[in-house]
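Dear colleague,

Please find below the structure that I am handing over to you. My notes on what was found in it follow directly after.

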2 protein chains.
Amino acid sequence: MAGEFERIRHLRALFGTPPAGVSLGIGDDAALIEPPVDEQIVWTIDACVENVHFRRDIASWEDVGFRSFMAAASDLAAMAAHPIGALSSVSLPRDLEDADLYALARGQSLAARQVGTAVIGGNLSAGDVVTVSTTLLGRTRRAPQRDGARPGDRLALCGDVGLAAAGLRMLLRDPGCSPADDPERQALLAWRRPRARIEDGLRCGGATSLIDVSDGLAQDALHIASASGVRIDVDTSVVITPSLRVVAERLGVDARELVLSGGEDYALLGTFAETEVPEGFVVVGACGEGCGVWADGEPAGPTGHDHFR
Amino acid sequence: MAGEFERIRHLRALFGTPPAGVSLGIGDDAALIEPPVDEQIVWTIDACVENVHFRRDIASWEDVGFRSFMAAASDLAAMAAHPIGALSSVSLPRDLEDADLYALARGQSLAARQVGTAVIGGNLSAGDVVTVSTTLLGRTRRAPQRDGARPGDRLALCGDVGLAAAGLRMLLRDPGCSPADDPERQALLAWRRPRARIEDGLRCGGATSLIDVSDGLAQDALHIASASGVRIDVDTSVVITPSLRVVAERLGVDARELVLSGGEDYALLGTFAETEVPEGFVVVGACGEGCGVWADGEPAGPTGHDHFR
């Protein structure tokens, strides 16, 4: 097995040349970044922990790297930001093979390239389980926050919700399952290879509020409703796609329940003035006077994922 | 036990108002930072993992928070940077008490205040053991790197080296030990409450190279020697303090060995033209033609800490 410094040399080659705006990447005490001009800096961190966010029997190491990166990058999408670069801190058991670490890094690198950026540095340490912490910097002209929704705004969604949760349920029932058809393939990919909607986020400069759906539609809509002091009504029939309906039925679960409380799709959910809904977004509800989230006319509590319950 | 969102509310109050330059802290998808003018951005991440970097029987939760923060902040010191802010990602077992999490956060907050900054956001998730990942942003006019040392430069040190390793050995022998005198008190504090030398780093704009000593003097001097293509000679007799000598003797270990391979003191080690050694730095060696690190005339291999050996 390679030593720490040998591994870092290999990872440096794998992650490639730092993108524009990065003056110094891997190999010193810290990275150096040129500050953006006329833009704000957006900064986020996210963790992906073995046996909490993934299990080795249902995800390849490349999946783990890919998923962990996209989950973090999705926070930039929700702030209408371009990525500048990422740092990754990986803790791993002493007996994890070099090939597994490099596969994880390939997944990170692949995800980074898909959103137009790169891993430019980080940290390796030992740990009982694999933990990947990813921090990203981005730049934005105007970051929509959670507190600007107003009664009368449209609620609009970009991307699937519930499909990743369906894929995860398939894998938990049968870790080696192969997709029988296109809906099942979509569900497995939604969980294994989610995508941070950076380009879609960049079209949301006019949103009155914006969030990425990581914990299910009910929970994340509630963040907007609470921060903005509005009531949000969701029409789940618009959100449930034919593919989700097919997979949910085979799993014997309620597609509506997957939509409201299934996480990790990283769709973007925003509120917009009626004439400002961007291309690629589908109207799935509206904001009104009051509080809380209502699905199809019924109160929808915070049913999303909370690691501590 | 409090839920995730209740804990985040409590932490937000505990970490207080974000410092200048931070437009948006805890509570949205990401933090927003005003870009510095005429300065570069410095960015680092570091992890602190239970049973690797600490054990519950030898460190309080406040110690864990404090140590993890300072270890990360020390990378900014080594880049001659002012901290802008920090994000913290904490994974913790589901049965960890609220009071323990808040004590950890108090340690982080205390450390942040000591270096003039604050924790402005982050992430909470479950995990089998406690893992704290800390990312910091800083700003610098000129960051000394590792590759600028030249033959003839003085090697100079700011802060103790070896004392934290001595304190750790005391704790590993007797987790409940009380310091018998001032040298023992210093050793325990060096490990439990190390300090990132931000102010000292800011005086190092004229360094030809600079690094923080996290892995022992031999290993970290070797990073400079290798990157710069010079030979570094260290005189350990200047580095061994009377306190270190006392504690090492009682432990029955070689003080020289603690200096060369004991980590986690976070002293600053730099190379400077003869007339440029800043106040507070002590000359402990010199750079010459050749390669490698030599201690007291003997080759000193990379004996520092490598998590994978």
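How many salt bridges does the rule find across the interface of chain B and chain A? The count there is 0. Please bear in mind throughout that this is a predicted model.

**The interface**

On the side of chain B that touches chain A, strand β3 (residues 40-49) of chain B gives the most, with 9 residues. That side of chain B divides into 32 nonpolar, 24 polar and 15 charged residues. In terms of contacts, 71 residues of chain B meet 71 residues of chain A. Between the two chains there are 7 residue pairs in polar contact, counting pairs with both residues at pLDDT 80 or more.

Strand pairing also crosses from one chain to the other. Strand β2 (residues 31-33) of chain A is joined to β3(B) by 3 bridges, and the two strands run antiparallel. Within this pairing, Leu32(A) has Val42(B) as its bridge partner.

Thr131(A) counts as buried because its relative accessibility is 4%, below the 20% cut-off. Leaving aside neighbours within four places in sequence, Thr131(A) is in contact with residues of both chains: Cys48(A), Val49(A), Ser89(A), Val90(A) and Ser91(A), together with Ser91(B) and Thr131(B).

**The open sheet of chain A**

In chain A, 7 strands form an open sheet with mixed pairing, in the order β8-β10-β7-β11-β9-β12-β13. The edge strands, each pairing on one side only, are β8 (209-213) and β13 (298-299) of chain A. The partner of β8(A) is strand β10 (residues 267-272) of chain A; 5 bridges join them, and they run antiparallel. One of the residues involved is Val213(A), whose bridge partner in β10(A) is Ala267(A).

**A covered helix in chain B**

In chain B, helix α4 (residues 163-173) has the buried residues Leu163(B), Ala164(B), Ala165(B), Ala166(B), Gly167(B), Met170(B) and Leu171(B). What covers these buried residues of α4(B) includes α5 (182-192), α9 (242-251) and α10 (255-261) of chain B.

**Salt bridges**

Over all chains, the count comes to 36 salt bridges.

- Asp98(A) forms a salt bridge with Arg7(A), with the closest N and O atoms 2.8 Å apart. Asp98(A) lies in helix α3 (residues 98-114) of chain A and Arg7(A) in helix α1 (residues 4-15) of chain A, so the pair ties together parts that are 91 residues apart in sequence. Both Asp98(A) and Arg7(A) are buried.
- Arg67(A) forms a salt bridge with Glu264(A), where the closest N and O atoms are 3.2 Å apart. This pair links distant parts of the chain, 197 residues apart: Arg67(A) is in helix α2 (residues 61-77) of chain A, and Glu264(A) is in the loop between α10 (255-261) and β10 of chain A. Arg67(A) and Glu264(A) are both buried.
- Arg250(A) forms a salt bridge with Glu184(A), the closest N and O atoms lying 2.8 Å apart. Here helix α9 (residues 242-251) of chain A holds Arg250(A) and helix α5 (residues 182-192) of chain A holds Glu184(A), the two residues being 66 residues apart. Arg250(A) is partly exposed, with a relative accessible area of 46%, whereas Glu184(A), at 12% relative accessibility, counts as buried.

Finally, a network of salt bridges links Glu62(A), Asp63(A), Arg106(A), Arg192(A) and Arg193(A).

With kind regards

Note on methods: Residues numbered from 1 in each chain as written. Chains lettered and ligands numbered in written order. Predicted model: local features only at pLDDT ≥ 70, side-chain atom pairs only at ≥ 80, totals over all residues. Heavy atoms only, no water. Contact = heavy atoms within 4.5 Å. Salt bridge = Lys/Arg side-chain N within 4 Å of Asp/Glu carboxyl O. Polar contact = N/O pair within 3.5 Å; in protein donor to acceptor, adjacent residues only side chain to side chain. Helix = DSSP H or I, 4+ residues; strand = E, 2+ residues; numbered from the N terminus. Nonpolar A, V, L, I, M, F, W, Y, C, P; charged D, E, K, R; others polar. Pairing = 2+ DSSP bridges. Buried < 20%, exposed > 50% of the residue type's maximum accessible area, 1.4 Å probe, protein only.
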